[in-house]
Protein chains: 2
Amino acid sequence: MKTIEVKDKTLLIGEREEPQIGDHEVLIKVKASGINRADIAQKNGLYPPPPGASDILGLECSGIIEEVGKEVTSKKPGDEVMALLGGGGYAEYVTCPEFHAIEKPKNLNWIEAAAIPEVFATCWLNLFMEASMKAGDKVVFHAGASGIGTAGIQLAKTFGCESFVTAGTKEKIDFCINLGASNGEVRSKDIFSKIKDWAPNGVDIILDPVGGNYFERNLEVLGIEGNLIIIGLMGGAKTELNLGLLMIKRQKIIGSTIRARDEKTKNAVMTELSNKLIPHLGVGEIKPIIHQSLPFEDCLEAHRIMESDENIGKLILELD
Amino acid sequence: MKTIEVKDKTLLIGEREEPQIGDHEVLIKVKASGINRADIAQKNGLYPPPPGASDILGLECSGIIEEVGKEVTSKKPGDEVMALLGGGGYAEYVTCPEFHAIEKPKNLNWIEAAAIPEVFATCWLNLFMEASMKAGDKVVFHAGASGIGTAGIQLAKTFGCESFVTAGTKEKIDFCINLGASNGEVRSKDIFSKIKDWAPNGVDIILDPVGGNYFERNLEVLGIEGNLIIIGLMGGAKTELNLGLLMIKRQKIIGSTIRARDEKTKNAVMTELSNKLIPHLGVGEIKPIIHQSLPFEDCLEAHRIMESDENIGKLILELD
């Protein structure tokens, strides 16, 4: 099968044997594959795949079930799915546990469906399952125009919450507000005073891919019993922490990644998406936000766009 | 009514009017009142009572319901109760919301009942409600021989969990192991390497009253998806934090106090204690651990014992 291989921190088109399926797995013929920031880190040797995962990049795809393991009960060959992957999405075929693939809504094409699993699973896990997001909550998305940000803004809006964003350009902020964010501010020293203006009593949840250099100011704008969820370290890993303030405000700091979670947790997240997100996707109330879709062979250009932070929403690779 | 008043960071017997009850409150004639480390901090001006709370010390008591507010449905005069208080326990009478007082098990005397609310509510809230403790979990209690530690060890054992403790003396460690802890170590530089020996894959929960100078080593011995719950700052508030390790291990850091929580949360905690702890108290499977009970007038001596860290378990003040 055709693959994208990593060599010397760059990408090459390659060729491998198709992966073998386990008894509880499905084999998917990939139609489109989503690109995530984690792929860039993995390419650069900074984010090794978890034990047992494919060493091929790619954390999500859309496609058609080609074959099912002998214990699989929920899928059959020919099913059109979108899937959360531990790796292996940058290839013609990929395997995953049966419940990590969920039915593709009929109104989404392959490219759109490939833009769903990773960002919506990440948002669902962190907002609802980790931080118990409920109607009326105020949520901050740093990097609001990213795949995660654009998914989060829509989830917040659909489930009765208010969201505030930060992003790199005015165009991105406008896009986020148009998508449902209540307010936003271009990245600068001022963003935290703006968040304080928007939510004087503090926000309830911050989904943060920045880490170190936002950390203490994130806790300042986070309200009583608020949740700060660290999902990335674009601003470094080291920080100071005042436990006295953390106690007084009874706040939670949560380090979170989805890729290395156990199969059961991912089953639970994907089942929730299937039951609670797909109805909103099916009627177009929540939409995948796609910056650009490129042919599989243009993977280097797709990575370049993400690395240069030009994208609003997802970048997708298409297979023939 | 007779009270204990704070003046110039010391305690004096005083006299005040009885408190007035609100519509949803009960008036309790106090029989015995538990002493907590927070009382010492409040006496020293370091822990002001939350808005609306009595300025009299005392976070728990046992006693008899004297009067009920006109909307109260769950209690009546003459009921024997133990109560979680926002303050005011060092007095002959105290008020609290009706659901913060729960029925005293018949097999406990007044002194024993006064030792229950604060430490068991704190443990219940943090272990079960914040950290979702489940059978098989490994839990660390620093200050294992404290009121909280001795409550936590028994809860862990009763609910199928393993606990490890640190404490100031060999006598305290032996007491904790006798109470149900799997292992323990006298405070020294070595305690964290011991915890690593006992739980090579990391512990699931750490209930920590120390804070700053244990913080980074706590995170080191905490396992994947573990919870570090900060309930005190005896070792300082400032620390450094590596968010990279927090993310890789998907850990949670939770700042937690019970006193300033809203009435609804405290209702939920006390209702859980009433339903799930009292059956174990009633048959003597879980016991209040009492270091010493002293007459109300000996409050200074009671504080001295706690301040000198001599106690194993609770200190209680008795009213006539």
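**Figure 1. Lys75(B) in the loop between E4 and E5 of chain B.** The model shown here and in the other views is a predicted one. Lys75(B) counts as buried because 20 C-beta neighbours lie inside 10 Å, and 20 is the number from which a residue is called buried. Its contacts, leaving out residues up to four places away in sequence, are Val26(B), Ile65(B), Val68(B), Glu98(B) and Ala101(B). Val26(B) is 49 residues from Lys75(B) along the chain, and the two C-alpha atoms are separated by 7.7 Å.

**Figure 2. Pairing of strands E3, E4 and E5 in chain B.** Strand E3 (residues 25-35) of chain B and strand E4 (residues 60-68) of chain B run antiparallel and are joined by seven bridges. Within this pair, Ala32(B) has Ser62(B) of E4(B) as its bridge partner. E4(B) is also joined to strand E5 (residues 80-84) of chain B, again antiparallel, by five bridges. Here Cys61(B) stands opposite Ala83(B) of E5(B).

**Figure 3. Ile28(A) and its surroundings in the largest nonpolar core.** This core has 209 residues, and those with the most contacts inside it are Ile28(A), Val203(A) and Ile28(B). Apart from residues up to four places away in sequence, Ile28(A) touches Cys61(A), Gly63(A), Ile64(A), Ile65(A), Glu66(A), Val81(A), Ala83(A), Tyr93(A), Val94(A) and Ala101(A). In soluble globular proteins, nonpolar side chains tend to be buried together.

**Figure 4. Helix H3 (residues 117-130) of chain B, a mostly covered helix.** Eleven of the 14 residues of H3(B) are buried. The buried residues are Pro117(B), Glu118(B), Val119(B), Phe120(B), Ala121(B), Thr122(B), Cys123(B), Trp124(B), Leu125(B), Asn126(B) and Leu127(B). Ser132(B) follows H3(B) and has a positive phi, near 50°.

**Figure 5. Strands E8 and E9 of chain A, with Ala143(A) in the loop between E8 and helix H4.** Strand E8 (residues 138-142) of chain A pairs with E9(A) in the parallel sense over five bridges. Lys138(A) has Glu162(A) of E9(A) as its bridge partner. Strand E9 (residues 162-167) of chain A is mostly covered, with five of its six residues buried. Ala143(A) is found in the loop between E8 and helix H4 (147-158) of chain A. The phi of Ala143(A) is near 60°, a positive value in a residue other than glycine. Ala143(A) is buried, with 25 other C-beta atoms within 10 Å.

**Figure 6. Asp8(A) in the loop between strands E1 and E2 of chain A.** Asp8(A) has a phi near 50°, a positive value in a residue other than glycine. Most residues other than glycine have a negative phi. Asp8(A) is exposed, with 6 other C-beta atoms within 10 Å.

Figure 7. Domain 1 (2-116 + 259-318) and domain 2 (120-255) make up the division of chain A. Their C-alpha centres lie 26 Å apart.

**Figure 8. The interface of chains A and B.** In this interface, 24 residues of chain B are in contact with 24 residues of chain A. On the chain B side, the elements that give two or more residues are strand E13 (238-242), helix H8 (243-248) and strand E14 (252-255). The largest share, five residues, comes from E13(B). The residues of the chain B side divide into ten nonpolar, nine polar and five charged. Since 100% of the interface residues of chain B are also interface residues in chain A, the copies meet through the same surface.

**Figure 9. Strand E14 of chains A and B, and the rotation axis.** Strand E14 (residues 252-255) of chain A pairs with E14(B) in the antiparallel sense over three bridges. Ile253(A) stands opposite Ile253(B) of E14(B). Chain B is superposed on chain A by a rotation of 180° with 0.0 Å of shift along its axis (RMSD 0.0 Å). This is the relation of a two-fold axis. Of the residues of chain B, Glu240(B) comes closest to the rotation axis, with its C-alpha at 2.2 Å.

Note on methods: Residues are numbered from 1 along each chain as its sequence is written. Chains are lettered from A and ligands numbered from 1 in the order in which they are written. This is a predicted model: local features need pLDDT of at least 70, side-chain atom pairs count only at pLDDT 80 or more; totals for chains, interfaces and linings use all residues. A nonpolar core is a set of buried Ala, Val, Leu, Ile, Met, Phe, Trp, Tyr and Cys residues joined through C-beta atoms within 7 Å. A residue is buried if 20 or more other C-beta atoms lie within 10 Å of its own, exposed if 12 or fewer, and partly exposed in between; C-beta atoms are placed from the backbone. Two residues are in contact if their C-beta atoms, placed from the backbone, lie within 7 Å. Helices (H or I, at least four residues) and strands (E, at least two) are DSSP runs, numbered from the N terminus. Ala, Val, Leu, Ile, Met, Phe, Trp, Tyr, Cys and Pro count as nonpolar, Asp, Glu, Lys and Arg as charged, and the others, Gly among them, as polar. Two strands pair if DSSP finds at least two bridges between them. Copies are superposed by least squares on the C-alpha atoms of residues with pLDDT of at least 70 in both. Domain bounds come from an automatic or database domain assignment.
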